[in-house]
Amino acid sequence: MRLQDKIVVVTGAARGQGAEEVRALAAEGAYVVATDVLPFDPRDEAWDGGRVVERHLDVTDAAAWAELADWLRAERGHVDALVNNAGVAARERLPHVSLEGWQRAFDINVTGPMLGIQALVPLMPQGSSIVNICSVAAISGHAAAAYTASKWALRGLTRSASLELGSQGIRVNAVMPGLIDTPLMANASPAFKEAALSEVPLGRIGVPADIAPTIVFLCSDDSSYYNGAEIVIDGGLTAHVSHKRIADATRPA
């Protein structure tokens with residue numbers, strides 16, 4: 001029970017990776033405020049036991065963040081951790097990137113976490129934690145221009161926040177998942193999945209349960225000296241700098 005009675009806010013929590021993070025955090029004793037703009041699944045067993053409360057939240061809406069902060073202040077008095085998990089895929093490729101798609105990616109993937117930090121940091125005591133869910137797209141160049149640029153921006157926000165908030169004892173870290181089987185992957189083409197999987201040395205697509213334990217760790221006091229860290233969880237996808245095919249072709253029998 002590493003998170004016993006800690007108050008943790010998770011965005012994008014209605015499905016996929018966010019829902020799995022909620023389950024893992026609650027299982028470790030946290031009181032989890034699960035937020036999303038999408039409806040929650042009433043059949044989700046993670047919400048049993050009274051450790052999870054659902055809240056509708058549009059992460060791009062500053063007023064909605066302010067309302068959540070007011071509610072938390074009245075109900076709990078403080079917040080111990082914020083997991084900025086909400087995000088959208090933007091697969092348009094240059095030069096055919098629409099301004100609407102570009103703006104939406106930045107609104108949700110970057111502005112949303114920034115608004116969350118602004119709203120909840122005043123409620124965070126020393127020792128609190130902020131976790132930004134980035135992507136391996138934030139450490140390399142990917143064909144999806146808006147998604148890649150927004151995740152690089154979130155990586156930069158993480159570093160700036162770790163500098164600014166460290167003096168208050170608030171840690172800010174980034175997690176960089178690789179190819180993970182979530183609803184965001186649903187509209188990816190079979191060609192993309194096949195090509196991406198061929199580059200993963202572990203030979204499989206990750207699942208949300210591969211990511212959740214790291215989120216628990218970063219929200220816990222076990223990570224008390226982690227600040228500005230960038231933790232890659234990708235089965236080795238980025239370790240070989242796209243040389244996996246060469247390695248496979250030249251590997252001794």
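How many salt bridges does a search of the whole structure find? The search finds nine, a salt bridge being a side-chain nitrogen of Lys or Arg within 4 Å of a carboxyl oxygen of Asp or Glu. The structure is a predicted model, in which local features need pLDDT of at least 70 and side-chain atom pairs count only at pLDDT 80 or more, while totals for chains, interfaces and linings use all residues. Residues are numbered from 1 along each chain as its sequence is written, and side-chain values use heavy atoms, with hydrogens and water left out.

Figure 1. The side chains of R2 and E28 form a salt bridge, with an N to O distance of 3.9 Å. This pair links distant parts of the chain, 26 residues apart: R2 belongs to the segment before β1 (7–10), and E28 to the loop between α1 (16–27) and β2 (31–36). Helices (H or I, at least four residues) and strands (E, at least two) are DSSP runs, numbered from the N terminus. R2 counts as partly exposed because its relative accessibility is 37%; buried means under 20% relative accessible area, exposed over 50%, and partly exposed in between (1.4 Å probe, protein chains only). R2, E28 and D222 are linked in a network of salt bridges. K6 forms a salt bridge with D221, and their closest N and O atoms are 3.3 Å apart. Here too distant parts of the chain are linked, K6 lying in the segment before β1 and D221 in the loop between α6 (208–219) and β7 (230–233), 215 residues apart. K6 has a relative accessibility of 14% and therefore counts as buried, whereas D221, at 47%, is partly exposed.

Figure 2. E20 and R23 form a salt bridge whose closest N and O atoms are 2.9 Å apart. Both residues lie in helix α1, three residues apart, which is about one turn of the helix. E20 is partly exposed, with a relative accessible area of 23%, and R23 is partly exposed at 32%.

**Figure 3. Packing of helices α3 and α4.** Two packed helices are described by the angle between their axes and the distance between the axes. Helix α3 (residues 99–120) packs against helix α4 (residues 145–165) at an angle of about 15°, with the axes 9 Å apart. Axes are lines fitted to C-alpha atoms, for helices over the stretch in contact, and angles run from 0 to 180 degrees between N-to-C directions. The two helices, α3 and α4, are therefore roughly parallel to each other; angles under 35 degrees count as roughly parallel, over 145 as roughly antiparallel, 65 to 115 as roughly perpendicular and the rest as oblique. Among the residues that make the contact are W102, F106 and M114 of α3 and Y147, L154 and L157 of α4, where contact means heavy atoms within 4.5 Å. By class, this contact of α3 with α4 has 16 nonpolar, three polar and one charged residues. Ala, Val, Leu, Ile, Met, Phe, Trp, Tyr, Cys and Pro count as nonpolar, Asp, Glu, Lys and Arg as charged, and the others, Gly among them, as polar.

**Figure 4. Packing of helices α1 and α6.** The axes of α1 and α6 cross at roughly 50° and come within 8 Å. Helices α1 and α6 are therefore oblique to each other. In the contact, G16, Q17, E20, E21, A24 and L25 of α1 meet P208, A209, I211, A212, I215, V216 and C219 of α6. These residues of the contact of α1 with α6 divide into nine nonpolar, two polar and two charged.

Figure 5. S129 lies in strand β5 (residues 129–133) and counts as buried, at 0% relative accessibility. Neighbours within four places in sequence aside, S129 is in contact with D80, A81, L82, M124, R171, L218 and C219. A188 is found in the loop between β6 (171–177) and α5 (190–197) and is buried, with a relative accessible area of 7%. With its neighbours within four places in sequence left aside, A188 is in contact with R91 and K193.

Figure 6. L94 and P95 are joined by a cis peptide bond, with omega about 5°. P95 is in the loop between β4 (81–84) and α3. D5, in the segment before β1, has a positive phi of about 65° although it is not a glycine.
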